[in-house]
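Colleague: Could you take me through the strand pairing and the charged contacts of this model, one question at a time?

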Amino acid sequence: MACSLNDLIKSQNQLVQEAALVLPHEFSKCTYNLGPIRQAVHLCLTCAVPRGICSSCSVACHTDHEQIELFPKRSFRCDCPTTAIPHSCTLHKGLREENTTNTYDHNFRGVFCRCSRVYDPETEQETMIQCISCEDWFHESCLNLRDRPHPDACPDPDPMPASEFPDNPDDSDSDTSSNGLPPPLISAEDYDVFVCYECVTKIDTLRRYACTKGVIMVVRDDESSPWKTTDGGVLPAAFCNHTDSDLPLEIDDSESPSISKRHSSSPHTQGEEREAKRRKISEPSSSCCLAPPASSIAKAIYECKPQGSRVSRSYLGTGDVFLTEGWRQRWCRCDQCLPSLQAHPYLLEEEETYEPPADPDSGLSLEELGMRALARIPRDRAIDGIHAFNDMRDGLMEYLRPFAQEGKVVEAADVNRFFERLLENRQARN
């Protein structure tokens with residue numbers, strides 16, 4: 001297909017912008033020396049070892065290898081400069097000992113989800129969801145959010161708008177699927193983080209909160225019923241099992257006649273008592289558990305787990321949970337609930353994920369990159385480079401002039417022929 005020079009320039013500028021969005025960072029330093037950190041990890045299929053490499057090594061050392069991005073993994077140290085990977089690291093001079101603290105789950109064999117399927121970005125139709133705890137990725141169909149698409153089914157080129165699906169009236173602005181599938185039972189806007197069944201069963205407090213307010217589960221009434229979402233509709237135990245004095249609410253004494261009658265002390269003493277009361281209310285006693293009552297649905301699901309299984313065998317559901325916005329602030333922090341949360345710090349505070357430093361050259365055009373490169377080399381070599389560029393430009397203009405005069409289309413073969421002649425002339429001069 002013929003195109004004008006303006007079209008080529010426009011296309012080139014668009015490619016530069018896309019590259020700046022995809023690779024905005026500088027990839028000149030391996031993260032090995034930073035120790036175990038949460039960072040984006042890549043699996044190199046060409047090296048064929050179940051080890052992970054950092055983003056910098058994926059670009060600088062394995063750029064011509066087939067890779068799979070595993071996305072963030074916590075407490076991970078790059079394996080590229082170690083003896084575990086046969087391909088040498090170009091960002092380190094010497095070999096390091098094999099990492100002994102890294103954890104390698106089945107993602108490092110190129111498979112994901114509890115179904116252990118290989119991920120193929122070219123054919124996969126479903127969105128995959130990452131568990132915040134084990135950081136594995138799960139298919140929507142494996143979480144009962146949708147039926148599994150038939151492997152031979154082609155995506156609908158004109159998918160039905162989400163607003164036309166009667167069972168999902170609130171999903172019109174979410175994932176109506178760019179892949180042609182109907183919206184899932186739970187969209188990305190409905191929750192903040194996801195935790196798989198296997199991880200829920202290992203965290204006592206999270207298991208206690210399952211299927212209560214703000215912790216959504218996908219369940220059904222029986223094996224013939226459709227899947228549905230529920231968070232139990234249960235108010236926190238603070239509103240059901242405790243007296244008013246135990247509630248984590250701030251009380252204004254000035255608007256409470258009964259309190260003012262009961263306290264006849266001096267204003268100074270009243271101020272101290274009021275401050276002490278506010279401290280007591282805002283900082284509930286560590287012995288007072290404010291966790292909601294355990295859901296009977298969740299208990300039935302979690303009690304039906306065959307030994308060694310990664311999912312509940314209950315017909316009620318798989319036991320995965322979706323936590324809604326503000327979930328970290330809703331935990332009970334009593335002596336019983338807090339320890340299992342502290343064992344998994346990401347449940348109490350958001351984790352920091354390492355990103356490589358920004359690339360100062362990101363977004364620059366080829367011309368700007370060329371001028372910057374010229375500024376970094378000795379002056380005599382820069383002048384020689386400018387002369388060589390001008391000679392090539394003049395020669396190319398002379399070569400293309402007949403095409404313009406005759407109105408002929410310049411084919412790729414014509415451009416290749418020019419550079420072949422340019423190379424032959426250079427070799428002849430040398």
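Colleague: In E3, which residue stands opposite Ala40?
Modeller: This is a predicted model, in which local features need pLDDT of at least 70 and side-chain atom pairs count only at pLDDT 80 or more, whereas totals for chains, interfaces and linings use all residues. Residues are numbered from 1 along each chain as its sequence is written, and side-chain values use heavy atoms, with hydrogens and water left out. Strands are DSSP runs of E with at least two residues, and helices are runs of H or I with at least four, both numbered from the N terminus. Within E3, the residue opposite Ala40 is Pro72.

Colleague: How many bridges pair E1 with E3?
Modeller: Two strands count as paired if DSSP finds at least two bridges between them. Cys44 faces Gln67 of E3, and the antiparallel pairing of E1 with E3, residues 67-76, extends over 7 bridges.

Colleague: In E2, what is the bridge partner of His42?
Modeller: E1 is also joined to strand E2, residues 52-53, by 2 bridges, and these strands run antiparallel. Within E2, His42 has as its bridge partner Ile53.

Colleague: Which strands stand at the edges of the sheet?
Modeller: The open sheet has 3 strands in the order E2-E1-E3, with antiparallel pairing. Each edge strand has a single partner strand, so one side of it is left without a neighbour in the sheet, and the strands placed in this way are E2 and E3.

Colleague: How many residues of strand E1 are buried?
Modeller: Buried means under 20% relative accessible area, exposed means over 50%, and partly exposed lies in between, using a 1.4 Å probe and protein chains only. Strand E1, residues 37-44, is largely enclosed by the rest of the structure, because the number of buried residues is 8 of the 8.

Colleague: How many residues apart in sequence are the parts that Glu351 and Arg38 tie together?
Modeller: A salt bridge here is a side-chain nitrogen of Lys or Arg within 4 Å of a carboxyl oxygen of Asp or Glu, and the side chains of Glu351 and Arg38 meet in one at 3.4 Å, N to O. Glu351 lies in the loop between helix H8 (338-342) and helix H9 (366-375) and Arg38 in strand E1, so the parts tied together are 313 residues apart in sequence.

Colleague: Is Arg38 buried or exposed?
Modeller: Arg38 is linked with Arg74, Glu135 and Glu351 in a network of salt bridges. Glu351 is partly exposed, with a relative accessible area of 27%, whereas Arg38, at 16%, is buried.

Colleague: In which helix are Asp414 and Arg417 separated by about one helical turn?
Modeller: The side chains of Asp414 and Arg417 form a salt bridge at 3.0 Å, N to O. Asp414 counts as buried at 11% relative accessibility, while Arg417 is partly exposed at 34%. The two residues are 3 residues apart, about one helical turn, in helix H11.

Colleague: Which residues does Ser295 touch, not counting those up to four places away in sequence?
Modeller: Ser295 is in the loop between helix H6 (267-282) and helix H7 (296-302), and at 10% relative accessibility Ser295 counts as buried. Contact means heavy atoms within 4.5 Å, and with that sequence exclusion the residues touched by Ser295 are Ala210 and Cys211.
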